[in-house]
Amino acid sequence: MNILICNDFTHANLDEMREVYASVGWKKHNPEVIQQVFGASNVIALVYVNGRIIGFGRAMSDGIFNAAIYDIVVHKDYQGHGIAKKVMEYILNQLRDVSCVHLISTTGNEEFYDKSGFKRLKTGMARYLNSDLRDEYLE
């Protein structure tokens with residue numbers, strides 16, 4: 001499989017990105033939401049196969065001290081080929097000089113992030129407005 005990873009969101013096909021989210025059950029990501037969250041992210045990885053977006057990831061960073069990674073997502077039809085690992089490596093390479101990189105794993109994907117070098121926080125805290133997410137992720 002010939003994949004291309006780039007960080008240019010300027011001409012990204014938002015409908016293709018919505019399809020990637022939907023393939024893994026994330027139904028709230030419409031083109032407007034995708035435009036907003038990726039537009040606010042300063043570290044982006046878009047994965048193309050045959051000119052079509054099949055995966056992506058994003059992060060926000062101050063470039064020195066802190067960064068947070070979000071939305072490492074690969075279309076369900078392309079999972080199991082190491083694409084998420086390549087996205088993670090691409091993003092971490094862009095964040096290589098940042099002192100601390102955070103992320104919150106979706107339930108069941110903790111092992112993937114552990115293999116990428118992430119460890120559980122002793123003092124991590126969060127606030128969720130959505131009660132379902134609050135129940136799933138908070139102690």
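**Close-up 1. The largest nonpolar core of the predicted model.** This core comprises 20 residues, among which Ile69, Ile72, Val87, Ile91, Leu95 and Val101 touch the most other members. At least two core residues come from each of β2 (43-49), β3 (52-61), β4 (66-74) and α3 (83-94). A second, separate core holds 15 residues, including Met17, Val20, Phe38 and Leu46.

**Close-up 2. The surroundings of Leu95.** Beyond its neighbours within four places in sequence, Leu95 is in contact with Val43, Ala59, Ser61, Ala67, Ile69 and Val101.

**Close-up 3. The salt bridge between Arg52 and Glu19.** The structure contains five salt bridges. In this one, the side chains of Arg52 and Glu19 meet at 2.6 Å, N to O. Because Arg52 belongs to strand β3 and Glu19 to helix α1 (residues 14-23), the pair ties together parts that are 33 residues apart in sequence. Arg52 is partly exposed, at 36% relative accessibility, and Glu19 is partly exposed, at 32%.

**Close-up 4. The salt bridge between Arg58 and Asp71.** The closest N and O atoms of this pair are 3.2 Å apart. Arg58 in strand β3 and Asp71 in strand β4 are 13 residues apart, and their pairing links distant parts of the chain. Both Arg58 and Asp71 are buried.

**Close-up 5. The salt bridge between Lys115 and Glu111.** The two side chains meet at 3.3 Å, N to O. Both residues lie in helix α4 (residues 110-115), where they are four residues apart, about one turn of the helix. Lys115 is exposed, with a relative accessible area of 67%, and Glu111 is exposed, with 53%. Elsewhere, salt bridges with shared partners join Glu16, Glu19 and Arg52 into one network.

Methods
Residues are numbered from 1 along each chain as its sequence is written. This is a predicted model: local features need pLDDT of at least 70, side-chain atom pairs count only at pLDDT 80 or more; totals for chains, interfaces and linings use all residues. Side-chain values use heavy atoms; hydrogens and water are left out. A nonpolar core is a set of buried Ala, Val, Leu, Ile, Met, Phe, Trp, Tyr and Cys residues joined through side-chain atoms within 4.5 Å. Buried means under 20% relative accessible area, exposed over 50%, partly exposed in between (1.4 Å probe, protein chains only). Contact means heavy atoms within 4.5 Å. A salt bridge is a side-chain nitrogen of Lys or Arg within 4 Å of a carboxyl oxygen of Asp or Glu.
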